[in-house]
Amino acid sequence: MNRTEFIEALARLGITLNEEQEIKLEKFYKLLIAWNNKINLTRIVEKEDVYLKHFYDSLTITKVVDLTKIETLCDVGSGAGFPGIVLKIVFPNLKITLVDSLLKRVNYLNTIIKELELENIQAIHIRSEELQGKFDVVTARAVANIEKLLTYTMHLVSKNGMLIAMKGNISEELTPEIAKKINQKYEIKLVEEFMLPKENSKRSLVVITNKQKV
């Protein structure tokens, strides 16, 4: 995905980048590649692939939530910074907490935050099960199977908030039986399935909320 294709694809998501945001994404890419030579962050290193499979893919979350109206977001298992860092660049209104259990990745994330001069975002070294706090949106991109993921994340979702699990093809993982089991305790609000541009691989966004007490 070259720059023109990236900009056009974002426009279809309703996103328009300013010059500063474009510069920060470019700098993020360069920092990612430099750090990837030191620690294992991603196997995807070609620029056009990173822009498609990491940057654009991170922003597809806007298919299911208006991030301009969200205040707090927690990215569980942030890893190389997807979607958390990308979301912060494009939606500076967000107050973001990045969570990772590996200290060297947390150090990398905090360096990226500093280098990009991002505000109201921090990376912390903790297991998500041990984290305290409530967030409007909790994201998790390719972290664990959907049932296990709920044990890592749902205590972090605020009363009116949501978990957005960012997945590939969810159909085998979220069977009718598993969905029924999940809905006994939580509520699956939406499953948004779509194809990633150019390579046409399947993606899924699964929105889950805590059950509202009557």
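Lys 63 is partly exposed, with a relative accessible area of 35% (buried means under 20% relative accessible area, exposed over 50%, and partly exposed in between, with a 1.4 Å probe and protein chains only). The residue belongs to the loop between H3 and E1, where helices (H or I, at least four residues) and strands (E, at least two) are DSSP runs numbered from the N terminus. This is a predicted model, in which local features need pLDDT of at least 70, side-chain atom pairs count only at pLDDT 80 or more, and totals for chains, interfaces and linings use all residues. Residues are numbered from 1 along each chain as its sequence is written, and side-chain values use heavy atoms, with hydrogens and water left out.

**Surroundings of Lys 63**

- Leaving aside residues up to four places away in sequence, Lys 63 touches Leu 13, Glu 192, Phe 194 and Leu 205 (contact means heavy atoms within 4.5 Å).
- Between the C-alpha atoms of Lys 63 and Glu 129 there are 27 Å in space, and the two are 66 residues apart in sequence.

**The sheet**

- An open sheet of seven strands has the order E3-E2-E1-E4-E5-E7-E6, with mixed pairing (two strands pair if DSSP finds at least two bridges between them).
- Strand E3 (121-125) and strand E6 (186-195) are at the edges with a single partner strand each, so one side of each has no neighbour in the sheet.
- On average, neighbouring strands of this sheet are turned by 20° against each other, direction ignored (axes are lines fitted to C-alpha atoms, for helices over the stretch in contact, and angles run from 0 to 180 degrees between N-to-C directions).
- Strand E1 (residues 72-76) runs parallel to E2 and is joined to it by five bridges.
- Within this pairing, Thr 72 has Lys 95 of E2 as its bridge partner, and Cys 74 has Thr 97 of E2.
- E4 and E5 also run parallel, joined by six bridges, and Arg 141 stands opposite Met 166 in E5.
- E2 is largely enclosed by the rest of the structure, because five of its six residues are buried.
- E5 is likewise largely enclosed by the rest of the structure, because nine of its eleven residues are buried.

**Helices against the sheet**

- Helix H5 (residues 103-115) lies across E2 and E3 and runs at about 165° to E3.
- Helix H6 (residues 146-153) packs on the sheet, where it touches E1, strand E4 (135-141), E5, E6 and E7, and its direction makes about 145° with that of E5.
- Gln 184 is in helix H7 (residues 176-185) and counts as exposed, at 61% relative accessibility.
- From Gln 184 to Lys 30 the C-alpha to C-alpha distance is 45 Å, across 154 residues in sequence.

**The largest pocket**

- The largest pocket holds about 570 Å³ of space.
- On a 1 Å grid over the protein atoms alone, a cavity is a set of points where a 1.4 Å probe fits but cannot get out, and a pocket is an open set with protein on both sides within 12 Å along at least five of seven lines; lining residues have an atom within 4 Å of a point.
- Grid points are joined across faces, edges and corners, and a volume is the space filled by probe spheres set on the points.
- The lining has 31 residues, of which Val 76, Gly 77, Arg 141, Ala 142 and Val 143 are the closest to the centre of the largest pocket.
- Helix H3 (47-59), strand E2 (95-100), strand E5 (157-167) and strand E7 (202-210) are the elements that give two or more residues to this lining.
- E7 provides the largest share, three residues.
- Twelve lining residues are nonpolar, eleven polar and eight charged (Ala, Val, Leu, Ile, Met, Phe, Trp, Tyr, Cys and Pro count as nonpolar, Asp, Glu, Lys and Arg as charged, and the others, Gly among them, as polar).

**Backbone features in loops**

- Most residues other than glycine have a negative phi, and most peptide bonds are trans.
- The peptide bond from Phe 82 to Pro 83 is cis, with omega near 5°, and Pro 83 is in the loop between E1 and helix H4 (84-90).
- Asn 120, in the loop between H5 and E3, has a positive phi near 55° and counts as exposed at 52% relative accessibility.
- Asn 200, in the loop between E6 and E7, has a positive phi near 55°.
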